[in-house]
Amino acid sequence: MGAVAAVHKDQAVSLAASGTAPPQLRVEAVSLHYQTPGGATFTALDQVSLAVPDQQFAVLVGPSGCGKSSLLYLTAGLAEPSAGQIHVGGRQVEGPGADRGMVFQSYTLFPWLTVRQNIAFGLRRRGQSAAQCRETVDYYLNEVGLGAFADNYPKQLSGGMMQRVAIARALANDPQILLMDEPFGALDSQTRLQMQQLLLRVWGNSKKTVLFVTHDIDEAILLGDSVYVMGARPGRIKRVLEVPLARPRSLDLVMERPFIEMKREIFGLLHEGDEQAVS
Ligand SMILES: Nc1ncnc2c1ncn2[C@@H]1O[C@H](COP(=O)(O)OP(=O)(O)OP(=O)(O)O)[C@@H](O)[C@H]1O
Ligand SMILES: [Mg+2]
C-alpha cells in the first residue's frame with residue numbers, strides 16, 4: 001500500500017476524530033431511503049459515518065448515484081436522514097443554516113444582482129453595517145481575483161468566474177463548514193486546474209472545514225486531507241484514505257510516486273467488481 005494509509009469504514013470515525021478537538025462535522029450512522037414511483041424503498045445511503053476535524057479538507061469520491069449529493073443535502077439540512085444524525089460544530093443539523101455554506105456545480109448566483117451584491121447578499125441579511133459589508137466583500141473579491149468585475153452581472157462572467165463568486169459568497173458568510181458539490185464539474189480542464197489552485201490558496205487563508213464532492217480522483221488527492229471513497233447500491237463509505245502529501249501543493253505532485261500510488265488505490269476501489277459485472 002506504500003505511503004497511503006488506509007482504514008476500513010468502521011474505523012472512519014475514530015481515524016478522522018483522533019485529534020484532540022472534536023470534529024467540526026460528525027455524520028453518525030446516517031441512512032437515507034427514498035420511495036420509488038413503484039412504492040418500493042430505495043436505500044440511497046446505508047449507515048454512513050464520517051468525522052471531519054476542524055479546518056480539514058475532506059473529499060467524497062464515488063460512482064454516480066452512490067449518494068454523494070444526498071449526503072451533502074442532508075448536511076446542509078435540505079433533507080432529513082431516515083436514520084442517524086449529523087452534527088456541525090457540535091450542534092445537530094435540523095434544517096438549513098448560515099453555519100453551512102454551499103457551492104454547487106450549477107451556477108447559483110442571483111442573476112439580477114452584481115458580483116458585489118451577490119457576495120454581500122447574506123451579509124446584509126445578517127445585519128452587517130454597510131461599511132463592514134463593503135470591507136468583507138472587498139476582501140473576498142480580492143481573494144478570488146475579481147476586484148475588476150465587482151459591478152458585473154453574472155451573465156457577463158465566464159463559468160469559472162461565476163464559481164469564484166460562489167466561493168467568495170459562501171466564505172464571506174463565515175460558515176463553520178463549506179459544502180461543495182462538484183463545483184468545478186462544468187468547467188474545462190484548464191480552468192478547472194486554475195480553480196483548484198485558487199481554492200487551495202483561499203482555503204489556506206480561510207482555514208474552513210470543507211466537505212467536497214468530486215468524480216475526479218486527481219482533484220480529490222490534490223485538494224484533500226482525507227478522501228472518503230464511496231460505493232453504490234447501497235451508498236456507503238468503502239474506505240477512508242489520508243492524503244500523504246505536504247502542503248502547499250502544486251500541480252507537479254501529480255507526477256510523483258505517492259500521488260500515483262494513491263490514485264491507483266482509489267481507482268481500484270472505485271472499479272472493484274467491474275469485471276464480474278461485465279461477464
Ligand atoms: N428525490 C429522490 N427520489 C428518489 N430517488 C432519489 C432522489 N434523489 C436521489 N435519488 C437516488 O438516490 C441515489 C443517490 O443520488 P445522489 O444524487 O445523491 O448521487 P450522487 O452520488 O450525487 O450521483 P452523481 O455523481 O451522479 O451526482 C441515486 O440512485 C438517485 O437516483
Ligand atoms: Mg451528485
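How many bridges pair strand S5 (residues 83-88) with S6, and in which sense, parallel or antiparallel? Two bridges pair S5 with S6, in the antiparallel sense. This is a predicted model, in which local features need pLDDT of at least 70 and side-chain atom pairs count only at pLDDT 80 or more, while totals for chains, interfaces and linings use all residues. Residues are numbered from 1 along each chain as its sequence is written, and chains are lettered from A and ligands numbered from 1 in the order in which they are written.

**Figure 1. The open sheet with S5 and S6.** Four strands form an open sheet in the order S3-S2-S5-S6, with antiparallel pairing. S3 and strand S6 (91-92) stand at the edges with a single partner strand each, so one side of each has no neighbour in the sheet. Strands (E, at least two residues) and helices (H or I, at least four residues) are DSSP runs, numbered from the N terminus. Two strands count as paired if DSSP finds at least two bridges between them. Strands of a sheet pair through backbone hydrogen bonds, either parallel or antiparallel.

Figure 2. Val 88 is found in strand S5 and stands opposite Arg 91 in S6. Val 88 is buried, with 25 other C-beta atoms within 10 Å. A residue is buried if 20 or more other C-beta atoms lie within 10 Å of its own, exposed if 12 or fewer, and partly exposed in between, with C-beta atoms placed from the backbone. Leaving aside neighbours within four places in sequence, the contacts of Val 88 include Gln 24, Leu 25, Thr 75, Arg 100 and Ile 177. Contact means that the C-beta atoms of two residues, placed from the backbone, lie within 7 Å. Val 88 and Val 227 are 139 residues apart in sequence and 19 Å apart in space, C-alpha to C-alpha.

**Figure 3. Strand S8 and its partners.** Five of the five residues of strand S8 (residues 177-181) are buried, so S8 is largely enclosed by the rest of the structure. Ile 177, Leu 179 and Asp 181 point one way from S8, and Leu 178 and Met 180 the other way. Strand S7 (residues 100-104) runs parallel to S8 and is joined to it by five bridges; Val 103 has Met 180 as its bridge partner in S8. Strand S9 (residues 209-214) also pairs with S8 in the parallel sense over five bridges, with Ile 177 opposite Thr 209 in S9.

**Figure 4. Helix H8.** In H8, Phe 259, Met 262, Ile 266 and Leu 270 are buried. Seen down the axis of H8, the buried residues fall within an arc of 75 degrees, so they line one face of the helix. The arc is that of the directions from the helix axis to the C-beta atoms. On the other side of H8, Arg 257, Phe 267, Gly 268 and His 271 are exposed. The buried residues of H8 pack against strand S4 (57-61), helix H7 (217-223), strand S10 (226-231) and strand S11 (236-242). Gly 273, whose phi is positive, near 90 degrees, follows H8.

**Figure 5. The shell around ligand 1.** Residues around ligand 1 include Tyr 34, Phe 42, Lys 68 and Gly 235; a residue is near a molecule if its C-beta atom, placed from the backbone, lies within 6 Å of it. Strand S3 (41-53) and helix H2 (68-76) each supply at least two residues of this shell, and H2 gives the most, with three residues.
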